[in-house]
Amino acid sequence: MISLNGICKEYPIGDGVVSALSGIDIELPDGGFLAVMGPSGSGKSTLLNILGCLDTQTSGEYCLNGVCVRTLSDEKKAFLRNRHIGFVFQSFFLLPRLSAAENVELPLIYRGMDARKRKRRAAEALEQVGLSDRSAHLPGELSGGQRQRVAIARALVNSPRLVLADEPTGNLDTATGTEIMEILKELNAQGTTVVLITHEKEIADFAKKTLLIRDGRIACQ
Amino acid sequence: MSMKPTDSLKISLSEMRRNTMRTVLTILGIVIGIAAMIAVFSVGQAGKERIKEELNNFGINRVWILPNIASGEDGGLKVADAEYIKDKVQGVAAVCPADYKMASVESKNASAQCDIMGTNEVVTRTQKTVMAEGRHLSAADAEYGRKVAVLSSKAKGELFGDMDAVGQNIDIMGISFSVIGVEEEVSVVYDEFFLGKCYIPLTVYESMFKDDRLSEISVVAADSGNVASVAKKSQQILNRKYGEDAVKVINLSSEMKNADNIMNIFTLVLAAIAGISLLVGGIGIMNIMLVSIKERTREIGIRKALGATGRDILWQFLFESALYAAAGGGIGVITGCFITVVAAQVIGLTIRLGALPIVVSVAFATGVGLVFGILPAKKAASMDPVEALRHE
C-alpha cells in the first residue's frame, strides 16, 4: 500500500525556492485505483515522480508497501521501480529502435532474466493487451493506441503491485483513450494498485477514488 | 538481479550498427593509431633481426685481437700467439691468424685494388664462409707454400667479370697465383665501402711481404656465453707477454647491444607518435560518446524508469566505447599488417608478424576506449531520471 505523509517538494530557482508540493497526505490500500486531477502546474506530475521513486521529496514520508523510500539508495530505488512499479506515460516513451516485444522485455533485462524466459513473458504481456500480432513491429509502425498498449504491457510485464499512469490518454482520441482505460481498469480488477494522473473528468471516472490537487495541495477528495 | 553483461553488450552492438558512418569516423583515430603501432613494431623488429643477422655473419662468437697501435707498442702479434691463445685460454673453438694489406691484383684482362688476406684454413671457421665455387684455403696450401688464392665474389667480378675464375691465374706484386675458389661476400649492406678480398696462404703472404706481424687474430669462443671471458683472458695473457696495453680486443656483443639500443630508441620514438594518434582516437571516442549521451538522454531516462541502475547505464556506455575502440583496434591490426607487408616488399626486409603485438594492440585500444569512455558513461549513469525523461 501507499502512504504519503506531509510530502513537500521544493525546487531551487535562482536565489529562492519554488514549492511544487506542500504537505500531501495520501493513504491508498492495495488494489486501490486513485485518479489525481489538477490543472497544469498543480504539482501532480511531481507527485507521480515521487510515487515512482524517480524523484525524492524535500520533506515528509513516503512508504511503499511498508518500505520508506526516502533513505533508500539509488540502487534500491531502481530495484523498486523494476519490480514493484510499472510506468505508463503520456507520450508512451517507447524506445523507437526496438520492436514492441523488445520494448516490453526491457524491465526483464534489468531484472537479469535470461532471454528465452524474457521472450515468453513479453509475449504473454503483449497478449494481455491484445497486441500479440504486433510484437515484431517498431513503435513507429504502430498507432498511438497500440503504442500505449505496448507501454502498458511493458509496465505490467514484471507483475508490479503498483502501476503509475501519467495522463495515459493525453495523446489519444476519446475512443482509443477509453480502450486504454478499460485495460487499466481490468488490471486494477486483477489486484494491481493504479494511480492515474489526468485532467479529464471522464478519464478520472474510471478510478475508484479521485483527488484534486491545486497549487501543491489537496483541494478536495 | 542486475542486468546480464551479454545483454549490455547486445544493446551496445545494436547502437553501433545503427549509425555506420558515425561509427567509422569514431574509430578512425584508433584504426590509424593501431595500424601505425603494428607497422612500427614489426618493421622495427625486422630491422633488429636484420642487424643481428649481419653481425652474425661477421661472427657473434668471434673476438678480434688487434695490436694496440695507439699504445706505441710495436711488437706486433705473431702466428705463434695464435697457438699460444689456443693452449692457454679455455673455451676456444678456433683461432685464426691473419694479416692484410692493400695491393693491386691483376688478371689477364683487368686489374683491381684488393685487400690481400694472408691467413690459413681456420678462416672458414672464424667467419661465416659460403663458397660460390671451388674451395677455400687448406692446411696443405700453407704447409707447402702453394701459390693459390681465393677471391671474394666482388674481387672475382672486378677481375674476371662473368668468366670462370677457378683455374685461372692472377698476379699479385709480380707473383702468379692460381685461383682455387670464390667466396660469397660476407656483408651485403655496406659492400660498396669494402674492397674485394683475395685470400692467400699466410706462409706465402709472409715471405712475399717480408713481414711476420699480424693485423689480427680471430678467436671463436666455443659457446656464446663465454665470449667475454675468452676475450678477457686472451687480452690478459698477451698483455702479460708484450706489455700492458699491447693488444686490444673487440667483439660484436657490445656492437649488437648498441645496434639494439639504437633500434629500440628509434622504435620507441615512432611508437610514441603512433601513441599520440591513439590518444587522439580516444578523445574522438569520448567526444562521440558525449554527443551520443546527449542525444539519448530520454532513452537513459526511460531505461532508468524501467529499473536500470546507474551501474547498468554505466556499463552500457562503457561497453559501447570499448567496442568502438576494439573494432578500431581490429581494423587497425588488419591495416597495420597490410602496411607491414607492403613495407616489407618495398624495404626488402623479412617480416614476421607476431601474435603478441596484435593481441597487445587490440587490448591497448580497448583499454583506451574504456579510459576515455569512463567520463561519458559516468555522466550518463548519474543522470537524474526525471530531468532525463523531460528532455526533448
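In this predicted model, chain A contains seven helices and ten strands. The radius of gyration of chain A is 17 Å, close to the 17 Å that the globule rule gives for 221 residues, so chain A is as compact as a globular protein of that length. Along the principal axes, the C-alpha atoms of chain A fill a box of roughly 50 × 40 × 35 Å. Of the 221 residues in chain A, 48% are buried. When contacts in chain A between residues at least 6 apart in sequence are considered, 69% of them join residues at least 24 apart.

In soluble globular proteins, nonpolar side chains tend to be buried together. The largest nonpolar core here has 119 residues, and A:Val36, A:Ala153 and A:Leu196 touch the most other members. Helix α2 (residues 20-58) of chain B gives this core its largest share, 14 residues. Beyond its neighbours within four places in sequence, A:Val36 has contacts that include A:Lys44, A:Leu47, A:Val195 and A:Leu196. A second, separate core has 53 residues, among them B:Ala112, B:Leu159, B:Tyr205 and B:Leu238.

The two chains also meet: 19 residues of chain A are in contact with 20 residues of chain B. On the chain B side, the elements that give two or more residues are listed below.

| Element of chain B | Residues |
|---|---|
| α1 | 5-18 |
| α10 | 297-305 |
| α11 | 310-347 |
| α13 | 385-390 |

The largest share of this side, five residues, comes from α10(B). By type, the residues of chain B that touch chain A are nine nonpolar, four polar and seven charged.

Key
Residues numbered from 1 in each chain as written. Chains lettered and ligands numbered in written order. Predicted model: local features only at pLDDT ≥ 70, side-chain atom pairs only at ≥ 80, totals over all residues. Contact = placed C-beta atoms within 7 Å. Helix = DSSP H or I, 4+ residues; strand = E, 2+ residues; numbered from the N terminus. Nonpolar A, V, L, I, M, F, W, Y, C, P; charged D, E, K, R; others polar. Core = buried A, V, L, I, M, F, W, Y, C linked by C-beta atoms within 7 Å. Buried ≥ 20, exposed ≤ 12 C-beta atoms within 10 Å, placed from the backbone. Rg over C-alpha atoms; globule rule 2.2 N^0.38 Å.
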